[in-house]
Amino acid sequence: MSPALLAAATPTVHGHAAGWIVFLIGAGLILAGALGVIMLRNPVHCALFLVITLFGVALEFINELADFLAVVQIIVYAGAIVILFLFVIMFLGVDKKETVGKEPFRGQKPVAIALGLVSFILVMVLSQVGNWTTGAHGTSGPARHHGVENVQLLGQEIYTRYLLPFEMTSALLVIAIVAAVVLARRPHRSAGEMTKAEQEEVTSR
Amino acid sequence: MSVPSAWYLVLAAVLFGLGSTGLLLRRNVLVMFMCIELMLNAVNLTFVTFSRTLNDIGGQAAVFFVLVVAAAEVVVGLGIIVAIFRRRSGATADDVHILKG
């Protein structure tokens with residue numbers, strides 16, 4: 001049994017305070033990271049602040065007793081996806097500041113901030129008006145069971161009830177890999193055709 | 001249950017709002033992609049919160065699938081970005097307003 005599960009099984013004043021402390025630290029990391037992503041001009045800095053946000057979300061997952069997802073969050077998001085982002089940034093050589101020059105849309109910034117606020121307010125309104133719980137029992141298994149690990153409960157669910165979606169995600173990943181290879185491959189050159197660099201070299205002679 | 005689920009839901013809503021703001025605000029395609037990841041994470045946080053509140057593992061299974069789909073989406077999206085950058089050296093979304101080679 002994980003420590004987090006034990007703490008939930010025996011609620012104490014101590015565990016109560018610890019939950020709040022972890023929540024507040026995670027919330028601070030999430031908000032700081034998100035603000036960094038949307039405000040910094042250098043894409044590399046944005047990617048590094050994205051890691052901070054993802055780490056904060058992993059902390060909140062631990063606080064909500066989703067141990068397995070917290071670990072996967074770190075490994076897949078911070079370990080694979082952000083690395084992929086950084087790899088593409090370095091590969092393309094765009095790790096310089098966004099051009100501040102002429103704005104294609106006048107007043108893009110205030111409109112964007114206003115629409116972002118609208119989306120936040122709409123989510124809040126939706127959470128107030130929606131009937132989220134009907135009182136019916138869930139058809140999936142419980143998220144907490146005495147003496148059973150979170151990984152075991154999640155694994156049992158994925159390999160039984162969600163087996164078909166699980167198989168379909170594997171197909172999706174194969175399709176994504178093939179698509180990435182096709183997209184990133186250099187197009188075939190026909191015989192005698194020169195690349196742009198070769199043309200420039202010839203003309204500069 | 002230490003922290004009430006409403007706090008998590010508000011935090012997720014704020015994160016979603018920040019992500020959507022960034023998506024509208026930024027013109028660098030890569031940073032726009034990162035903002036989509038922020039919004040996905042906000043939704044994941046909501047899923048896990050309801051999974052805890054309703055004591056139902058289905059929410060966590062949904063997050064698992066969202067992770068896989070996000071990975072596939074990033075792979076294809078970055079592939080498209082690399083293909084665009086190979087044709088033209090523009091770093092902003094406005095440079096591809098004409099879908100022509």
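Helix 7 of chain A and helix 3 (residues 58-87) of chain B have axes that come within 9 Å and cross at roughly 10°. Because angles under 35 degrees count as roughly parallel, helix 7 of chain A is roughly parallel to helix 3 of chain B. The model is predicted.

**Helix 7 of chain A with helix 3 of chain B**

- On the chain A side, the contact is made by A:Pro165, A:Thr169, A:Leu172, A:Leu173, A:Ala176, A:Ile177, A:Ala179, A:Ala180, A:Leu183 and A:Ala184.
- Helix 3 of chain B contributes B:Phe65, B:Val68, B:Val69, B:Ala72, B:Val75, B:Val76, B:Gly79, B:Ile80, B:Val82 and B:Ala83.
- By class, the residues of this helix contact are 18 nonpolar and two polar, with no charged residues.

**Chain A with chain B**

- In the contact between the chains, 71 residues of chain A meet 61 residues of chain B.
- Six elements of chain A give two or more residues each to the side that touches chain B: helix 2 (13-39), helix 3 (43-63), helix 4 (67-92), helix 5 (108-129), helix 6 (150-160) and helix 7 (163-184).
- Helix 2 of chain A gives the most to that side, with twelve residues.
- The side of chain A that touches chain B has 52 nonpolar, 13 polar and six charged residues.

**Domains of chain A**

- Chain A is divided into domain 1 (1-98) and domain 2 (148-186).
- Five residues from domain 1 of chain A and four residues from domain 2 of chain A take part in the contact between these domains.
- The side of domain 1 that touches domain 2 has three nonpolar residues, one polar and one charged.

Conventions:
Residues are numbered from 1 along each chain as its sequence is written. Chains are lettered from A and ligands numbered from 1 in the order in which they are written. This is a predicted model: local features need pLDDT of at least 70, side-chain atom pairs count only at pLDDT 80 or more; totals for chains, interfaces and linings use all residues. Two residues are in contact if their C-beta atoms, placed from the backbone, lie within 7 Å. Helices (H or I, at least four residues) and strands (E, at least two) are DSSP runs, numbered from the N terminus. Ala, Val, Leu, Ile, Met, Phe, Trp, Tyr, Cys and Pro count as nonpolar, Asp, Glu, Lys and Arg as charged, and the others, Gly among them, as polar. Axes are lines fitted to C-alpha atoms, for helices over the stretch in contact, and angles run from 0 to 180 degrees between N-to-C directions. Angles under 35 degrees count as roughly parallel, over 145 as roughly antiparallel, 65 to 115 as roughly perpendicular and the rest as oblique. Domain bounds come from an automatic or database domain assignment.
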